[in-house]
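Student: I would like a close look at one part of this model, the place where the two chains meet. Please take it step by step.

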There are 2 protein chains.
Amino acid sequence: MNRPAEGIPGDAEKDRRTGLTIGQVARAAGVGVETVRFYERKGLIEQPEKPMFGRRSYPPETVARIRFIRRAKELGFTLKEIAELLELRMDPGKSCAEVRARALAKTADIDRKIETLGRMRRALADLASACRGRGPTIDCPILEAMEEGEEHE
Amino acid sequence: MNRPAEGIPGDAEKDRRTGLTIGQVARAAGVGVETVRFYERKGLIEQPEKPMFGRRSYPPETVARIRFIRRAKELGFTLKEIAELLELRMDPGKSCAEVRARALAKTADIDRKIETLGRMRRALADLASACRGRGPTIDCPILEAMEEGEEHE
DNA sequence: CTTGCATCCGTACTATGGTACGGATGCTAT
DNA sequence: ATAGCATCCGTACCATAGTACGGATGCAAG
């Protein structure tokens, strides 16, 4: 039941056979242990056979998968969308075109966000330039504009 | 205890003396009743003397205040920031310059968001253009880039 | 063989901005 | 007077993306 310690200096040796612990996965992927567990709960990474006893052992691919998630997040995808990308990736029936379509849809998405922010920015800059920055807040043209403001939209 | 109904045809007449009900405030401001209550909980609008019995009666200014909140939100302020703006507005010791500073800080904020989104967009568009949209997802350059991806940042 | 870090697990909490529910009243028109 | 909508209130829930906690184990080294 108990394997003797000789020949097994530590994590590294053991892992070569059984995989990675959650802590090792987390460190390798650059996220916290809790985040790994969170992704598991969300179905973004498959949890290795429930242990019930002992520890879970992760295949090295899990690290790559978490890195994928992080990279996709940096590109603006939500976890839900990333889950879909991962599904596409796994499904041999799906084509590259599907992925491409999602990427393009996301750029359109980002464009809309940028436009909205641009409109905000312009409106706000206009207000700020109308305010010479003196006098009490009661007379502030910025606040006034917000109070009476034109219902733009 | 009971005032007779004559001379009081309905809401409109009563309100002229006692103020507005939450439903009237909500309709006038273009938000839901629950949103009004939410803003109260958040301290964005003062709740009129707790009734304990009967209904709360809102001064007409409440409608303007909610409109202010909405407009500020459209300009990109969070509710927390809006609460600060409202405080500035009420404080006679504060100057217009403070409001202006916040508006400018927010434009800088928005600029940063736009830059981040622009970077995302470019990266994503590059990936999409590298994908001719054919073949299985296993060979998709977009997914590949995400899997191996350069740790940009 | 005991010390002590790592894991395991469910659950709760964070922030953001609301939305929904359910039971108890209020108020108004008929 | 009573039907029936409006309000009142606390509380729970939604999505989003995690973070934190606490008690119970696992496991490896000294």
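Student: How many residue pairs are in polar contact between chain A and chain B?

Tutor: The model is a predicted one, and between chain A and chain B it has 18 residue pairs in polar contact, both residues at pLDDT 80 or more. On the side of chain A that touches chain B, the elements giving two or more residues are helix H4 (61-74), helix H5 (79-90), helix H6 (96-130) and helix H7 (141-148). Of these, H6(A) gives the most, with 22 residues. By type, that side of chain A divides into 29 nonpolar, 19 charged and 10 polar residues.

Charged side chains also pair across the contact: the count between the two chains is 4 salt bridges. One of them joins A:Asp111 to B:Arg121, with N to O at 2.5 Å.

As for extent, chain A brings 58 residues to the contact and chain B brings 58 residues. About 4800 Å² is buried between them, and carbon and sulfur atoms give 69% of that area. A:Arg71, A:Cys96 and A:Met146 supply 14% of what chain A buries against chain B, more than any other three residues.

The arrangement of the copies comes last.

Terms used: Residues numbered from 1 in each chain as written. Chains lettered and ligands numbered in written order. Predicted model: local features only at pLDDT ≥ 70, side-chain atom pairs only at ≥ 80, totals over all residues. Heavy atoms only, no water. Contact = heavy atoms within 4.5 Å. Buried area = accessible area lost by both parts, 1.4 Å probe. Polar contact = N/O pair within 3.5 Å; in protein donor to acceptor, adjacent residues only side chain to side chain. Helix = DSSP H or I, 4+ residues; strand = E, 2+ residues; numbered from the N terminus. Nonpolar A, V, L, I, M, F, W, Y, C, P; charged D, E, K, R; others polar.
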